[in-house]
Amino acid sequence: MLEEARATSIDAPDASVVELEALACETRERADVLNQPWPRRVINATGIVLHTNLGRAPLAADAAAEVARASTGYSDLELDLETGERGSRVDRVAELLCLLSGAEAAHVVNNTAAALLLSVEALAGGREVVLSRGELVEIGGSFRVPEIMASSSARLCEIGTTNRTHLSDYRDAIGPQTGMLLKVHRSNFSIDGFTTEVTLDQLGPLGREHDLPVVEDRGSGSFINLRPHGVPEPEVWEGLRAGADRVLFSGDKLLGGPQAGIVLGSRELIAPLKRHPLARAVRVDKMTLAALHWTLRALLEGREHEIPVVGMLLAPLSELEARAQRLASGLRAAGWAEVEVEKQASSVGGGALPEVEIPSVVVRIACRAAEPQESGGRGKSSSPSDLAQKLRMGRPPILVRVHRDAVQLDPRTLLDSELDALVEALGSRSR
Ligand SMILES: *Cc1c(COP(=O)(O)O)cnc(C)c1O
């Protein structure tokens, strides 16, 4: 900052005392920001359960406690206490994953992008990976399947077209150079209309016929049947049963745990992954393993509602309605006019299921620009995006949805403890 100021003051040598004061003030503000804990807690009232920009899945407090317990002292992370010999850091978590999925073996790495890269290297390094052109996806940020392929030693063999890929396309592409048949989930878009896609049911037998592994990058994976709750995603084991030899998915999407890349498959296909030199570069840390262990235990013991993402996805409409009413009356009491409770939809999130919206109940705050101030209500004089920005800049920052001439607060993604904080923050802000 000082350097910048010096550079400008050379251009304008008569910098006044006032400017120096402003500079001191700015410097202090910047220092205050640097001094604060980060990442900052924000209140997610968007209703988007898995929001990549907001850190995806919030961890259960109990999972976070396990992280603290496991990481504030030494642990048996890589030690077999009985024999005193070195153990594997993923075995305990892998055992739970196998129990939950019925898979023979499992491995965990830093994230799904790493799981894909490691899978490609370990199973098809130096050879070809066959993938449909309809699945050459970009997940966001810098995750683009063709680029991951390019950064590996494998070659991408694109088949079919954007909208249609047939089993014969896979069959025709298979040659002596082929190392793997890959399927990638379209996590953030869909293709409608004149389309054909080859399913794992069809791909499995083809892979076996040619002795080629079939790998599915699911992106998101769940061990709960979410279909009755409006989320049309198969459980992860269904991919294995359908014909994939190996399924990859994220720990912090529908599973609701920490960031991690989980791989399920046969012993034969998981072992090379653990042995590969890249495995060390993408290995998972103890804090992640502790949180993942708690999450998987919660699932095994039928305590899935304790996992925040699961609780949010399965929240009954009656509960959402009750929270919305509580929020709305709090806001009205704080002086907000034009507050209504209405039926709307929440989304699961871009990184998991693009199209899926589940019925929800939201609190709608109408904002009409140019409404006279003296009409009694507060918070009406700004546009919805002004209000959204104001809320985002507050303490705590509050993220909302903007819909036409209103700001919407979706209670699905609000933790109980946040309802009152939200009313308080909005109340004080409207004054
Ligand atoms: C989200 C996603 C990934 C990336 O997962 P990370 O755990 O964030 O690395 C990879 N593939 C698909 C299909 C995804 O949806």
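1. Of the 431 residues in the protein chain, 48% count as buried. Here buried means under 20% relative accessible area, exposed means over 50%, and partly exposed lies in between (1.4 Å probe, protein chains only). Please keep in mind that this is a predicted model, where local features need pLDDT of at least 70 and side-chain atom pairs count only at pLDDT 80 or more, while totals for chains, interfaces and linings use all residues. Residues are numbered from 1 along each chain as its sequence is written, and side-chain values use heavy atoms, with hydrogens and water left out.

2. A word on the overall fold. The protein chain has 16 helices and 15 strands; these are DSSP runs numbered from the N terminus, with helices being H or I of at least four residues and strands being E of at least two. Taken along the principal axes, the C-alpha atoms of the protein chain fill a box of roughly 75 × 55 × 50 Å.

3. An N or O atom in the side chain of Arg56 is 2.8 Å from an oxygen atom of the ligand. Thr112 places a polar side-chain atom 2.9 Å from a ligand oxygen atom, and Ala113 has a backbone N or O atom 2.9 Å from an oxygen atom of the ligand. Taken alone the ligand exposes 380 Å², of which the protein buries 94%; accessible areas come from the Shrake-Rupley method with a 1.4 Å probe, and for residues only the protein chains shown count as cover.

4. The C-alpha atoms of Leu123 and Val215 are separated by 9.8 Å, although the two residues are 92 apart along the chain.

5. Which rings pair up? The count comes to 1 aromatic pair, using rings of Phe, Tyr and Trp (its six-membered ring) with centres within 6.5 Å, where planes under 30 degrees apart are stacked, over 60 edge-to-face and the rest tilted. The rings of Phe223 and Phe249 have centres 5.9 Å apart and planes at 80°, so the pair is edge-to-face. Phe223 lies in the loop between strand 8 and helix 9 (236–242) and Phe249 in strand 9 (residues 246–250), so the pair ties together parts 26 residues apart in sequence. Phe223 is buried, with a relative accessible area of 11%, and Phe249 is buried at 0%.

6. Arg164 and Phe194 also deserve a look: the charged end of Arg164 sits over the ring of Phe194, 3.8 Å from its centre. For this, NZ of Lys or CZ of Arg must be within 6 Å of the ring centre and within 35 degrees of the ring normal.

7. Now for the backbone. Most residues other than glycine have a negative phi, and most peptide bonds are trans. The peptide bond from Trp38 to Pro39 is cis, with omega near -5°, and Pro39 lies in the loop between helix 2 (17–35) and strand 1 (43–44). The bond from Arg395 to Pro396 is cis too, with omega near 0°; Pro396 is in the loop between helix 15 (384–392) and strand 13 (398–399).

8. Positive phi values turn up in loops as well. Glu338 has phi near 55°, is found between helix 14 (317–333) and strand 11 (339–349), and is partly exposed at 25% relative accessibility. Arg404 has phi near 50°, sits in the loop between strand 14 (401–403) and strand 15 (406–409), and is exposed at 72%.

How values were computed. Polar contact = N/O pair within 3.5 Å; in protein donor to acceptor, adjacent residues only side chain to side chain.
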